[in-house]
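Welcome, and please open your viewer. We will walk through one model together, picking a selection at each stop.

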Amino acid sequence: MAETEKKVCFITGGSGRLGRDVALSLAKNGYSLFFTYNRSREKAADALDKIRSFSPDSAMAQCNVSKVTDIEKAFRLFSEHFNRLDLLITSASNFYSTKLPDVTEAQWQSLVDTNLKGTFFTMQAGARIMKEQSFVSRIITMTDISANLIWKNFAPYTASKTAIQHLTRVFAKVFAPKILVNSIAPGTVTINPDWNDSPENELSKNIPLQRIGEPADIMEAIMFLTQSSYVTGQVINVDGGRLLN
Ligand SMILES: NC(=O)c1ccc[n+]([C@@H]2O[C@H](COP(=O)([O-])OP(=O)(O)OC[C@H]3O[C@@H](n4cnc5c(N)ncnc54)[C@H](OP(=O)(O)O)[C@@H]3O)[C@@H](O)[C@H]2O)c1
């Protein structure tokens, strides 16, 4: 076990576009990182290399969050490696369009089991560790402003993100005052090449602050939540004002 006075963050989905940037920024801000990936082993290995240049004791593990046994295994590995958990970020997520009325059971399972079931059991495993610690720790769920919008072609995705915001409030109440639990709901930060071919300036038309977000915008909110000691059960929409439309 790595004895460390540094703060430790466990983040799922560290191989993701935004997840990787968040993990790297936290390493730059003095955290040791334990992150999970599912299929993108090469991206994850590359991320770990970069993270270790700021935080050499960091580690990663493969974990399919839709399987509770994988989550339990990842937390076992985590506990062999680190002796504290300051921050848990649930970032792993699946995102693709599913058109009504043709959503299949397989699509529902891959979206909802990853996003909702995976987040729930990750939060539960993290909270089991955190509630035994002598210090206040934090959970941040990554959701999406679409939890507040009616997107016609993303019902399983948006339903799972809305449910995670609800879980955020439940966990915040159950584990207060030991664990502060909040959610960050980004607007568009990275454009997924698989589903959205709208040019960036087209997307920006619906955003009062006239640009899509950057990972640094999300990091500002994360750093605020890591430093705040009187905010729990909240959802911070980081969307350039998109929800005002
Ligand atoms: N980027 C944005 O503009 C944006 C906007 C709104 C909300 N968000 C939210 O912010 C968070 C981070 O987004 P992102 O841009 O990093 O997403 P992303 O690029 O789509 O990456 C998704 C991540 O989730 C992991 N993942 C997918 N299925 C998994 C499973 N079954 N088990 C474990 N891990 C799984 C992927 O791992 P592998 O690749 O290794 O399989 C990857 O690390 C997500 O929760 C997302 O919904 C992002």
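Which residues of α3 are buried? Before you look, a word on the model: it is predicted, so local features need pLDDT of at least 70 and side-chain atom pairs count only at pLDDT 80 or more, while totals for chains, interfaces and linings use all residues. Residues are numbered from 1 along each chain as its sequence is written.

**Stop one: helix α3**

Select residues 68–81, which make up helix α3. Helices (H or I, at least four residues) and strands (E, at least two) are DSSP runs, numbered from the N terminus. Now colour Ile-71, Ala-74, Phe-75 and Phe-78: these are the buried residues of α3. Buried means that 20 or more other C-beta atoms, placed from the backbone, lie within 10 Å of a residue's own; exposed means 12 or fewer, and partly exposed is in between. Look down the axis of α3: the buried residues fall within an arc of 95°, so they line one face of the helix. That arc is taken from the directions from the helix axis to the C-beta atoms. An α-helix has 3.6 residues a turn, so residues three or four places apart point the same way. Turn to the other side of α3 to find Thr-69, Arg-76 and Glu-80, which are exposed.

**Stop two: the cover and the sheet**

Next, show β1 (8–12), β2 (32–37), β3 (59–62) and α4 (105–130), which are included in what covers the buried residues of α3. Then select the open sheet, whose seven strands run in the order β3-β2-β1-β4-β5-β6-β7 with parallel pairing. Its edge strands are β3 and β7 (235–238), each pairing on one side only. Two strands pair if DSSP finds at least two bridges between them; β1 and β2 have four, in the parallel sense. Zoom in on Phe-10, and you will see Phe-34 of β2 opposite.

**Stop three: the ligand**

Select the ligand, which 28 residues surround; the closest are Gly-13, Gly-16, Asn-38, Ser-40 and Ser-93. A residue is near a molecule if its C-beta atom, placed from the backbone, lies within 6 Å of it. Helix α1 gives the most to this shell, with three residues.

**Stop four: Gly-118**

Finish in helix α4 with Gly-118. Why is Gly-118 buried? Because 29 other C-beta atoms lie within 10 Å. Leaving out residues up to four places away in sequence, Gly-118 touches Val-65, Ser-66, Ala-92 and Asp-113; contact means C-beta atoms, placed from the backbone, within 7 Å.

Methods:
The expected span of a helix is 1.5 Å times one less than its number of residues. Two residues are in contact if their C-beta atoms, placed from the backbone, lie within 7 Å.
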